[in-house]
Amino acid sequence: MARLLPTQTDATVERSDTPAVLSLDDNATRDVIEALSSETAYEIFRLLNEKPATPSRIAEQLDQSIQNVTYHLEKLESAGVIAVTDTCYSEKGREMNVFVVSEDPTLLFLGTEDDRPSLKRAFKSFASLLGPPSILLAAGESISQFVTAE
C-alpha cells in the first residue's frame with residue numbers, strides 16, 4: 001500500500017557564504033553560548049550539522065529521551081542556530097518537524113561591538129593574502145580545535 005504522507009525528508013544542510021558575527025556584548029551571543037553549553041545540545045547541533053533530522057531520529061541516534069531532545073532543540077532554535085526545515089510523518093501518522101542547522105554560519109568574536117570594524121579590517125587584509133576559501137577553512141579548523149579542546 002502506498003503512503004499518502006511522507007515519512008522521510010529530502011531536506012539537506014545548506015550554508016550561505018555570509019556568516020553571522022556575534023560579539024561579547026551582543027545578547028544573541030549569550031543565547032548561543034547557553035544553548036550550546038550542554039553536552040547533549042552540542043551533540044544535537046553536531047548531528048544536525050551533518051544531516052537534518054526529526055526529534056525521534058536524534059533521540060535514537062544519541063540514546064536520549066525524546067523529551068530531553070525536544071528541550072534542547074527548543075533552546076537551540078530559540079538561539080537561532082537551528083531551524084525547522086521540513087515536516088514528515090511517523091508510521092502512526094503524527095506530524096514531525098525536521099530540524100537543520102541555520103543557513104548562516106555563525107562566527108563568535110571575543111570582542112565588543114566597538115571592536116567589530118577592526119575585525120573586518122583584519123579579515124579583509126587576511127583575505128587579500130590567502131583568498132576567501134582559505135579563510136573559511138582556517139576559521140573552521142580553529143573553531144573546531146577550540147571546541148574539541150574542552
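**Figure 1. The whole chain and its surface.** This is a predicted model. As for what's tucked away, 28% of the 150 residues in the chain are buried.

**Figure 2. How the chain is laid out.** Count up the elements and you'll find 6 helices and 4 strands. Follow the sequence along and they come in the order β-α-α-α-α-β-β-β-α-α. Now for the contacts between residues at least 6 apart in sequence: 63% of these join residues at least 24 apart.

**Figure 3. Helix 2 meets helix 3.** Here we zoom in on helix 2, residues 39-50, and helix 3, residues 55-62. Their axes come within 11 Å and cross at roughly 115 degrees. Angles of 65 to 115 degrees count as roughly perpendicular, so that's the label this pair of helices gets. The crossing is right-handed.

**Figure 4. Side by side at the helix 2 and helix 3 contact.** Which residues of helix 2 and helix 3 make the contact? From helix 2, look for Thr 40, Glu 43, Ile 44, Leu 47 and Leu 48. Helix 3 brings Ile 58, Gln 61 and Leu 62 to meet them. Sort the residues of this contact by type and you have 5 nonpolar, 2 polar and 1 charged.

Key. Residues numbered from 1 in each chain as written. Predicted model: local features only at pLDDT ≥ 70, side-chain atom pairs only at ≥ 80, totals over all residues. Heavy atoms only, no water. Axes fitted to C-alpha atoms, helices over the stretch in contact; angles between N-to-C directions. Helix = DSSP H or I, 4+ residues; strand = E, 2+ residues; numbered from the N terminus. Parallel < 35°, antiparallel > 145°, perpendicular 65-115°, else oblique. Left-handed = near helix turned anticlockwise from the far one by under 90°. Contact = heavy atoms within 4.5 Å. Nonpolar A, V, L, I, M, F, W, Y, C, P; charged D, E, K, R; others polar. Buried < 20%, exposed > 50% of the residue type's maximum accessible area, 1.4 Å probe, protein only.
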